[in-house]
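I opened the model to look up its salt bridges. The entries below follow the order of the search.

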Amino acid sequence: METNTTHTVLGNTGLKVHRLGLSASYRPGAAALERGAERGINYFFGYGFDGQMTGFTRKLFARDRERYVLATGAYNLVVGYPNIRRTLEKRLRQFGTDYIDLFLFLGVMKEKEFPPAARDEMQRLKEEGKVRFVGMSCHDRKFAGRMAAEGALDALMIRYNAAHRGAEQDIFPHLASHNPGVVSYTATRWTYLLRAPKRWPAGGRVPDAGLCYRFVLSHPAVHIVLTAPRSVRELDQNIDAVERGPLAEDDASFMRSFGDAVHHTKKWFM
């Protein structure tokens, strides 16, 4: 299956996914999660403490597990990490499933926080069958690039948006050899891309969320962009935007210029 406006294959995993992944981080309610599934979203990301998502997936998976892709994982604690195997067993119970499609080591800030021992343990879980694929979410782009070049992981969850385009140099050039799945988050840069930065021309154009998602998905290296809507209405707007496809060059150029302005005024933000 080739990538199109709304669907793609998640890198070397072979998983067929909607290009918009759904998170319930802002507690949009069960109706919004159901709406996402009704409109074709089949990639769901959640943390263990995310009660809305775990409650939703338990009902969803009881109806038809094979249609959906679940991504979750174990947390980096900076000064160490929890028992990964025990965390996996807990996630299986929380989400109501016998296996996790993509099990991630979450929140890696530096290479030392995801040591070889942790990576080896992730691979063992994959070999045992309760995890189909493994990956990490990572803020260290150069480390993520090395992991991609080495083919060490099946997928990478990274920050990429109009204000943070460093992945274009540090990660994307290293993907070709092993083709890991790429899941992008913070498309709106935690809403900073939805409002004018300092010294932006009064009355000047400002992106909406849909434009931010389309910018991310316009890059051929990105398979999925996560959305965390607050309501059914927001979710519908985001899906409608993605269905419009990649940005025209004039819109893409505007997004890069606006992203630069946001980045220059908010450099302290991750």
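**Salt bridges, notebook**

I started with Glu34, which is partly exposed at 25% relative accessibility (buried is under 20% relative accessible area, exposed over 50%, partly exposed in between, with a 1.4 Å probe and protein chains only). The model is predicted, so I kept to its limits: local features need pLDDT of at least 70, side-chain atom pairs count only at pLDDT 80 or more, and totals for chains, interfaces and linings use all residues. Residues are numbered from 1 along each chain as its sequence is written, and side-chain values use heavy atoms, without hydrogens and water.

I found Glu34 in a salt bridge with Arg63, 3.5 Å from N to O (a side-chain nitrogen of Lys or Arg within 4 Å of a carboxyl oxygen of Asp or Glu). Glu34 sits in helix α1 (residues 30–38) and Arg63 in helix α2 (residues 51–64), so the bridge ties together parts 29 residues apart in sequence (helices are DSSP runs of H or I, at least four residues, and strands are runs of E, at least two, numbered from the N terminus). Arg63 is exposed, at 52%.

Next I checked Asp236, whose salt bridge with Arg39 has its closest N and O atoms 3.0 Å apart. Asp236 is in helix α8 (residues 232–242) and Arg39 in the loop between α1 and β4 (43–45), 197 residues apart. I noted Asp236 as buried at 17% and Arg39 as partly exposed at 21%. Both belong to a network of salt bridges that also links Arg35, Glu38, Asp240 and Glu243.

Last, I counted: the structure holds 19 salt bridges.
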